[in-house]
Amino acid sequence: MTVIKQQDFIDSIYDALQYISYYHPLDFVRGLKKAYEREQNPAAKSAIAQILVNSKMCAEGHRPLCQDTGIVTCFVKIGRNVTFEGDMLVPEMVNEGCRRAYCCPDNPLRKSVLKDPAGSRVNTRDNTPAVTHVEIIEGDKVIVEIAAKGGGSENKTKMAMLNPSDSIEDWVLEQLPHMGAGWCPPGMLGIGIGGTAEKAALMAKEALMEPIDIDDLIKKGAETAEEKLRLSIYDKVNRLGIGAQGLGGLTTVMDVKIKSFPTHAASKPVCMIPNCAATRHVSFELDGSGPVNLVPPSLDEWPDIEVGGSDNARRVNLDTVTKEEMATWKSGETLLLSGTILTGRDAAHKKICDLIAEGKPLPDGVDFHGKFIYYVGPVDPVRDEVVGPAGPTTSTRMDKFVETMLSKTGLFGMIGKADRGPAAVASIKKHKAVYLMAVGGAAYLVSKAIKKARVLAFPELGMEAVYEFEVEDMPVMVAVDSEGSNVHVNGPAEWREKILAIDFKYLE
């Protein structure tokens with residue numbers, strides 16, 4: 001009988017969550033490197049370069065890959081010949097390790113978990129509880145698979161109860177274009193097929209724990225129905241031309257993972273969950289000899305890439321910018337922003353728009369006139385940092401607030417991640433505003449452009465408070481210009497046609 005000490009298990013969860021907060025899995029780094037080397041769209045290539053540079057910076061500095069350090073999902077498989085020494089249940093031990101990891105003073109992780117989700121939605125302040133799944137298996141070891149899943153990609157989960165005769169491939173290809181870029185491609189797709197609805201979702205999530213090995217499968221050749229489906233979806237999804245950050249390009253997914261389970265004769269449950277460019281997961285075993293020993297990867301695994309583009313970028317002084325100047329910015333253009341910006345996410349937007357609707361003034365110091373708002377919830381700073389990793393959050397969640405913000409506050413524009421919906425784009429065009437895009441998955445890199453930071457309003461919201469940032473040469477792209485030209489529509493459409501023209505071979 002193997003005895004696992006309670007503290008060893010807790011320490012292992014803590015170590016694993018800290019480890020994955022700043023180390024990409026090496027298979028993912030290699031996949032990104034390959035995507036970078038073959039990318040032909042300059043905008044997408046630049047985005048991948050920023051993600052890779054950010055990844056190496058985080059590996060060196062032991063700071064989070066993304067400001068959204070995720071909600072923890074933990075699969076714990078316990079050998080039937082294992083016993084635990086201690087009085088805590090397995091989910092309690094996972095939660096204790098999670099609590100310690102997210103509250104670590106040397107590398108604090110952003111606490112994003114809210115209790116009372118249908119009501120008050122109050123932050124638990126320690127990112128617990130984790131979502132823990134326990135399974136009893138044969139053997140005398142404990143196998144742990146743990147991930148920290150960001151909300152941007154998790155929110156793009158798709159589920160369906162297909163008819164037995166329906167095509168899974170057709171369903172996937174129908175869903176992808178409607179998912180937008182909020183899941184921060186290039187990433188992976190985890191697909192669960194069969195069982196029941198909840199079983200399909202679990203399999204899709206667990207599939208994302210597997211390493212990227214699509215090139216090995218291409219070389220070997222598909223032998224099963226699942227392998228054939230993997231290759232076909234991988235090829236056809238990339239041919240959609242969505243590309244890195246939804247800008248258009250050759251790589252949308254770096255792998256497709258599928259797990260299946262027998263199902264009812266009348267059913268075909270299917271769930272698809274994407275992983276983003278801040279993929280964070282690790283697997284390890286405990287055998288009773290002590291806590292896990294996770295070996296740091298060699299920094300030589302990361303490519304030497306410099307983030308360029310500043311020579312061709314337009315420098316903008318946000319403190320003096322005018323609508324007339326903004327009218328000269330064109331969709332797809334790179335800008336370097338300097339000056340003052342305010343921040344705000346979902347909760348802050350709701351509070352602000354509620355105050356406006358009630359005819360009440362905004363909090364002291366909060367003045368959006370002539371300003372840009374950055375959709376971000378930063379990580380707490382450590383040591384000499386002004387702010388922790390501070391990458392953009394998914395902008396579509398703020399779409400319903402755009403008209404009020406542009407018409408009632410004097411706001412000039414917005415900075416965020418991924419695409420905007422039709423109503424938001426129409427409002428941007430109507431008010432001659434602009435929407436600027438920062439790269440999702442490059443949070444630590446972006447934070448280096450922030451020179452001063454202070455909370456202006458709603459401190460009770462934690463990371464969702466309204467901040468004032470002073471930035472210097474913050475790199476962004478004009479995603480929607482003042483005429484409504486939208487790079488997230490134009491880019492994929494252009495590259496879908498280019499992929500056909502160059503007859504790019506994904507399966508060679």
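Tutor: A residue is buried if its relative accessible area is under 20%, exposed if over 50%, and partly exposed in between (1.4 Å probe, protein chains only). This is a predicted model, in which local features need pLDDT of at least 70 and side-chain atom pairs count only at pLDDT 80 or more, while totals for chains, interfaces and linings use all residues. Residues are numbered from 1 along each chain as its sequence is written, and side-chain values use heavy atoms, with hydrogens and water left out.

Student: Is Cys 276 buried or exposed?
Tutor: The relative accessibility of Cys 276 is 11%. The limit for burial is under 20%, so Cys 276 counts as buried.

Student: How far is the sulfur of Cys 271 from the closest cysteine sulfur?
Tutor: Cys 271 is buried, at 1% relative accessibility. The closest cysteine sulfur is in Cys 276, and it is too far for a bond. The separation is 16 Å.

Student: What kind of aromatic pair do Tyr 234 and Tyr 506 form?
Tutor: The whole structure has seven aromatic pairs. Rings of Phe, Tyr and Trp (its six-membered ring) pair if their centres lie within 6.5 Å; planes under 30 degrees apart are stacked, over 60 edge-to-face and the rest tilted. The centres of Tyr 234 and Tyr 506 are 6.4 Å apart and the planes stand at 90 degrees, so the pair is edge-to-face.

Student: How many residues apart in sequence are the parts that Tyr 234 and Tyr 506 tie together?
Tutor: Helices (H or I, at least four residues) and strands (E, at least two) are DSSP runs numbered from the N terminus. Tyr 234 lies in helix α9 (residues 225-238), and Tyr 506 in the segment after α15 (487-502). Tyr 234 is buried at 2%, and Tyr 506 is buried at 2%. The parts joined by this pair are apart in sequence by 272 residues.

Student: Which residues touch Asn 238, beyond those up to four places away in sequence?
Tutor: Asn 238 is placed in helix α9 and is buried, at 0% relative accessibility. Contact means heavy atoms within 4.5 Å. By that rule, Asn 238 touches Arg 38, Gly 249, Leu 250, Thr 251, Thr 252, Val 253, Ile 499 and Tyr 506.

Student: Over the face of which residue does Lys 45 lie?
Tutor: A charge sits over a ring if NZ of Lys or CZ of Arg is within 6 Å of the ring centre and within 35 degrees of the ring normal. Lys 199 does this at Phe 261, 4.7 Å from the ring centre. Lys 45 is 4.2 Å from the centre of the ring of Tyr 36.

Student: Is Pro 42 buried or exposed?
Tutor: Pro 42 lies in helix α3. Its C-alpha is 24 Å from that of Cys 58, 16 residues apart in sequence. At 62% relative accessibility, Pro 42 is exposed.

Student: How wide an arc do the buried residues of helix α6 cover?
Tutor: In α6 (residues 168-175), the buried residues are Ile 168, Glu 169, Trp 171, Val 172 and Gln 175. They are on the same side of α6, because the arc they cover around the axis (taken from the directions from the helix axis to the C-beta atoms) is only 160 degrees.

Student: Which residues are in contact with Ala 313, leaving aside neighbours within four places in sequence?
Tutor: Ala 313 is in the loop between β12 (281-286) and β13 (314-317). Ala 313 is buried, at 14% relative accessibility. Its contacts are Thr 334 and Leu 336.

Definitions and conventions. A disulfide is a pair of cysteine sulfur atoms within 2.5 Å.
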